[in-house]
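Dear colleague,

Please find the structure below. My notes on it follow.

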Amino acid sequence: MTIRNDLPQAFNFARPEGYQSEPPSDVMANWAQKVLAAEETETEIAIYDIIGEDFWNGGGWTANRMKRALTKASGRDVTVKINSPGGDVFEGLAIYNELRGYKGKVNVQVMGLAASAASIIAMAADEITMGLGTFLMIHKAWGYVVGNEDDFRSAADLFAKFDGALSDIYVARTKKGADEIANLMRAETWMTPKEAVAMGFADKVDESLKGEPAPNTTENRALAARRQTEAALAKAGHSRTSRAALMGDLGAAPRDASRQTEAPPDASLDLAALAAFSAELKGFASKLRE
């Protein structure tokens, strides 16, 4: 008998037009400060990326990627290591379903941050372990919508459905009441390992569990710089497509341009925005030289 037998299967929502799902900017900024080494084996899976496709580095964790990883594991017990700010709630729920239905035992280790959609993925484990200095964060569904008033009304209805699905999973895992979980989600609740265990969102704290920094290579430094720059733009209020246009104008083209979402007509170069975060870019550059 496994705790996963008591967890609900997440509903497969249809993705509407004009909707973009991603982590809140403050969460992105927190996560973007460092890159952890993500070594994998057939039974060790590292989710050290945003949830959903990430056209900037050709990565991102999707349900298809999880399905391939679990196929390689062939029913053996797996350890899923997480350091992710979350991202696409559609993909997060689909990955949760993949883990929930896996035949072998699933152990989740929070190595840095398990926020937003990544926290939902963690809930699908038989056992959740958090290392010292790590965090787990839950909140109400978050995303961007482009369209008219009907699109925004439909999006609000969709967000309510997302919140219900997320709440059902947290309730089943923690055995807390739906009202208490709703309040925690509304408050964007950050939990330390001890707090997460006390509240039922994790099972134990392992003081020896630590995420190793990624090697100090040019590629990893460039990845950290891209993440930090995009986090700064997100914090300034730019949507994902607007950020893509600005980063492109700065010469930071995506690794795979075919995966880039087409920018809307008003996502042209914003000189005021560039001036607003130019000082941060200089700060990032100085860090990279250290």
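pLDDT is the predictor's confidence in each residue, on a scale from 0 to 100. This is a predicted model, in which local features need pLDDT of at least 70 and side-chain atom pairs count only at pLDDT 80 or more, while totals for chains, interfaces and linings use all residues. Residues are numbered from 1 along each chain as its sequence is written, and side-chain values use heavy atoms, with hydrogens and water left out.

The protein chain averages a pLDDT of 80, and 78% of the residues score at least 70. Helices are DSSP runs of H or I with at least four residues, numbered from the N terminus. Confidence is highest in helix α7 (residues 193–199), at a mean of 97, and lowest in helix α10 (residues 271–289), at 47. Over residues 255–278 the pLDDT is below 50, although this stretch has 38 contacts (heavy atoms within 4.5 Å) beyond near neighbours in sequence. Where pLDDT is low, the predicted coordinates should not be read in detail.

A nonpolar core is a set of buried Ala, Val, Leu, Ile, Met, Phe, Trp, Tyr and Cys residues joined through side-chain atoms within 4.5 Å; buried means under 20% relative accessible area (1.4 Å probe, protein chains only). The largest such core has 56 residues, and L93 and F162 are among those with the most contacts inside it. Helix α5 (residues 149–174) gives the most to this core, with nine residues. A second, separate core of nine residues includes W31 and M137.

L93 is also one of the buried residues of α3. Leaving aside neighbours within four places in sequence, L93 is in contact with A10, F13, I120, F162, L166 and I169.

Regards

Technical notes:
Helix = DSSP H or I, 4+ residues; strand = E, 2+ residues; numbered from the N terminus. Buried < 20%, exposed > 50% of the residue type's maximum accessible area, 1.4 Å probe, protein only.
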